[in-house]
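Biologist: I have a chain open here and have not looked at it before. Can you walk me through what is in it?

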Amino acid sequence: QVQLVEYGGGSVQAGGSLRLSCAASGYTNSNFCMGWFRQTPGKQREGVAAIRNDGSTSYADSVEGRFTISRDNVKNTLYLQMNSLKPEDTAMYYCAALSHTGENILQIGSTVFNLAAWGQGTLVTVSS
């Protein structure tokens with residue numbers, strides 16, 4: 001089972017930038033789509049971004065144009081570059097391994113994935 005560990009969360013002012021990293025270990029992540037979702041207490045998780053094996057990406061409408069997802073397959077590392085941050089981006093951000101089948105659904109943009117594994121999360125706080 002793949003293990004995921006997120007890094008890079010913190011507190012920033014609105015309009016600022018932050019770069020999240022996710023280190024994957026265990027099973028290779030090359031057979032999974034990878035992505036990020038975010039969650040606040042008592043609220044449904046929200047898919048943020050995903051990247052497929054062919055390099056194509058999906059984004060939530062709320063972050064498209066501001067966030068960029070990328071991956072380094074050699075390093076088994078996933079990244080999320082977040083620019084022009086807004087207070088509503090404040091959340092716990094989770095790195096995720098995504099598959100195409102399963103009941104633990106996670107929608108990112110118009111695409112529905114199965115949430116196969118996720119990390120412990122890293123907190124992002126954006127102040128106005």
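Biologist: How many helices and strands does the chain have?

Modeller: The chain has zero helices and twelve strands. Helices (H or I, at least four residues) and strands (E, at least two) are DSSP runs, numbered from the N terminus. This is a predicted model, in which local features need pLDDT of at least 70 and side-chain atom pairs count only at pLDDT 80 or more, while totals for chains, interfaces and linings use all residues. Residues are numbered from 1 along each chain as its sequence is written, and side-chain values use heavy atoms, with hydrogens and water left out.

Biologist: What does the chain span along its principal axes?

Modeller: The C-alpha trace spans about 40 × 30 × 25 Å.

Biologist: What share of the contacts comes from residues 24 or more positions apart?

Modeller: Those residues account for 59% of the contacts with a separation of 6 or more. Contact means heavy atoms within 4.5 Å.

Biologist: Let's go inside. Which residues touch the most other members of the largest nonpolar core?

Modeller: Trp36, Leu80, Met82 and Tyr93 do, in a core of 28 residues. A nonpolar core here is a set of buried Ala, Val, Leu, Ile, Met, Phe, Trp, Tyr and Cys residues joined through side-chain atoms within 4.5 Å. Among the elements that give two or more residues to this core are strand 3 (18-25), strand 4 (33-39), strand 8 (77-82) and strand 9 (91-99). Apart from it lies another core, of ten residues, including Cys33, Phe37, Ile108 and Phe113.

Biologist: Why would such residues gather inside?

Modeller: In soluble globular proteins, nonpolar side chains tend to be buried together.

Biologist: What is Tyr93 in contact with?

Modeller: Leaving aside neighbours within four places in sequence, the contacts of Tyr93 include Leu20, Trp36, Arg38, Leu80, Met82 and Val124. The side chain of Arg38 also makes a polar contact with the side chain of Tyr93, at 2.9 Å. A polar contact is a pair of N or O atoms within 3.5 Å; within protein, one must be able to donate a hydrogen and the other to accept it, and residues adjacent in sequence count only if both atoms are side-chain atoms.

Biologist: Is Arg38 buried or exposed?

Modeller: Arg38 is buried, with a relative accessible area of 7%. Arg38 lies in strand 4, and its side chain makes another polar contact with the side chain of Asp89, at 3.0 Å.

Biologist: Switching to cysteines. Which residues does the disulfide join?

Modeller: It joins Cys22 to Cys95, with S to S at 2.0 Å. Cys22 is in strand 3 and Cys95 in strand 9, 73 residues apart, and the pair links distant parts of the chain. A disulfide is counted as a pair of cysteine sulfur atoms within 2.5 Å, and by this rule the count comes to one. The torsion about the S-S bond of Cys22 and Cys95 is about -75°, so the disulfide is left-handed. Cys22 is buried at 1% relative accessible area, and Cys95 is buried at 0%.

Biologist: What about Trp118, buried or partly exposed?

Modeller: Trp118 counts as partly exposed, at 46% relative accessibility. Trp118 lies in strand 11 (residues 111-118). Not counting residues up to four places away in sequence, Trp118 touches Leu4, Phe37, Tyr94, Cys95, Ala96 and Asn104.

Biologist: Last one. Which side chain does Ser58 join through a polar contact?

Modeller: The side chain of Ser58 pairs with that of Arg52, at 2.5 Å. Ser58 lies in strand 6 (residues 57-59) and counts as buried at 9% relative accessibility.

Notes: Buried means under 20% relative accessible area, exposed over 50%, partly exposed in between (1.4 Å probe, protein chains only).
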